[in-house]
Amino acid sequence: MKRVFLCSSFADVAEILSKTASSPLRGNTVAFIPTASIHEEYTQYVEDGKNALRALGLRIKEVEITQYDKDKIAKILSDCDCIYVSGGNTFFLMQELKKTGTDQLIKEQVERGKLYIGESAGAMILAPNIEYAKRMDNHLALTPNFNDFTGLGIIDFYPVVHFNSFPFEEATQNIIKEYSNLPLKPISNQQAILITGEDVAILGKNE
């Protein structure tokens with residue numbers, strides 16, 4: 001059964017995961033993929049995410065996919081109890097996922113029922129297509145030849161992360177207007193999308 005937790009800012013909504021997890025998280029190992037952030041100026045959310053995971057009792061195995069070959073990545077993802085993909089540049093992340101074959105490895109693990117936690121860019125890559133993220137991330141700055149916007153397709157909708165949240169208020173509103181033909185699911189920094197099998201729910205911190 002598919003188990004997916006998508007958010008804008010994991011540190012803000014970690015308690016939602018702890019309340020909704022189908023099995024205890026404490027003592028589990030999480031494969032932490034920070035790749036989207038490695039060229040970003042601001043990366044505090046990466047440490048915040050790690051600290052939130054540790055507070056839930058999870059052990060972190062960092063796997064920066066540009067530093068490993070596919071076999072090594074496959075073993076880490078297979079051995080860990082859950083997968084966490086952090087935020088940053090959506091297009092750089094997708095480029096590296098495809099280059100290393102990690103995109104298919106993640107899809108295989110999710111199909112087997114492994115918990116996937118996606119923060120910001122780590123949430124948007126699950127959509128069928130990531131072109132809509134151009135309003136939030138520069139798709140040419142780190143990936144000058146980027147032209148394949150195909151996402152992982154694990155979900156059939158499009159998360160709009162950081163909805164009406166600083167500093168993405170204008171960008172997220174523009175996505176809503178420009179891509180109104182798509183099944184968008186906007187979430188603020190205080191919300192998360194929980195997918196359990198075929199069920200999809202948007203939850204807030206006090207719900």
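Trainee: Which residue forms a salt bridge with Lys-98?

Mentor: This is a predicted model, and its side-chain atom pairs count only at pLDDT 80 or more. A salt bridge needs a side-chain nitrogen of Lys or Arg within 4 Å of a carboxyl oxygen of Asp or Glu, and the closest N and O atoms of the pair are 3.3 Å apart. The partner of Lys-98 in this salt bridge is Asp-148.

Trainee: How many residues apart in sequence are the parts that Lys-98 and Asp-148 tie together?

Mentor: Lys-98 lies in helix α4, whereas Asp-148 lies in the loop between α6 (121–124) and β6 (158–160). Because the two residues belong to these separate places, the pair ties together parts whose distance in sequence is 50 residues.

Trainee: Leaving aside its neighbours within four places in sequence, which residues is Lys-98 in contact with?

Mentor: Contact means heavy atoms within 4.5 Å. With the neighbours within four places in sequence left aside, the residues in contact with Lys-98 are Asp-103, Asp-148 and Thr-150.

Trainee: About how many helical turns separate Lys-99 and Glu-96?

Mentor: The side chains of Lys-99 and Glu-96 meet in a salt bridge, with 3.4 Å from N to O. An α-helix has 3.6 residues a turn, so residues three or four places apart point the same way. Lys-99 is exposed at 59% relative accessible area, whereas Glu-96 is buried at 6%. Being 3 residues apart in helix α4 (residues 90–100), the two are separated by about one helical turn.

Trainee: Which residue meets Lys-50 in a salt bridge at 2.5 Å, N to O?

Mentor: The side chain of Lys-50 meets that of Glu-62 in this salt bridge. Lys-50 lies in helix α2 (residues 44–55) and Glu-62 in strand β3 (residues 59–62), so the pair ties together parts that are 12 residues apart in sequence. Lys-50 is buried, with a relative accessible area of 9%, and the residue asked for, partly exposed at 35%, is Glu-62.

Trainee: What arc around the axis of α2 do its buried residues cover?

Mentor: The buried residues in α2 are Tyr-45, Val-46, Gly-49, Lys-50, Ala-52 and Leu-53. They lie on the same side of α2, because the arc they cover around the axis is only 160 degrees.

Trainee: Which strands are the edges of the open sheet?

Mentor: The open sheet has 7 strands with mixed pairing, in the order β3-β2-β4-β5-β1-β8-β9. An edge strand pairs on one side only, and the strands that do so here are β3 and β9 (199–204).

Notes: Residues are numbered from 1 along each chain as its sequence is written. This is a predicted model: local features need pLDDT of at least 70, side-chain atom pairs count only at pLDDT 80 or more; totals for chains, interfaces and linings use all residues. Side-chain values use heavy atoms; hydrogens and water are left out. Helices (H or I, at least four residues) and strands (E, at least two) are DSSP runs, numbered from the N terminus. Buried means under 20% relative accessible area, exposed over 50%, partly exposed in between (1.4 Å probe, protein chains only). The arc is that of the directions from the helix axis to the C-beta atoms. Two strands pair if DSSP finds at least two bridges between them.
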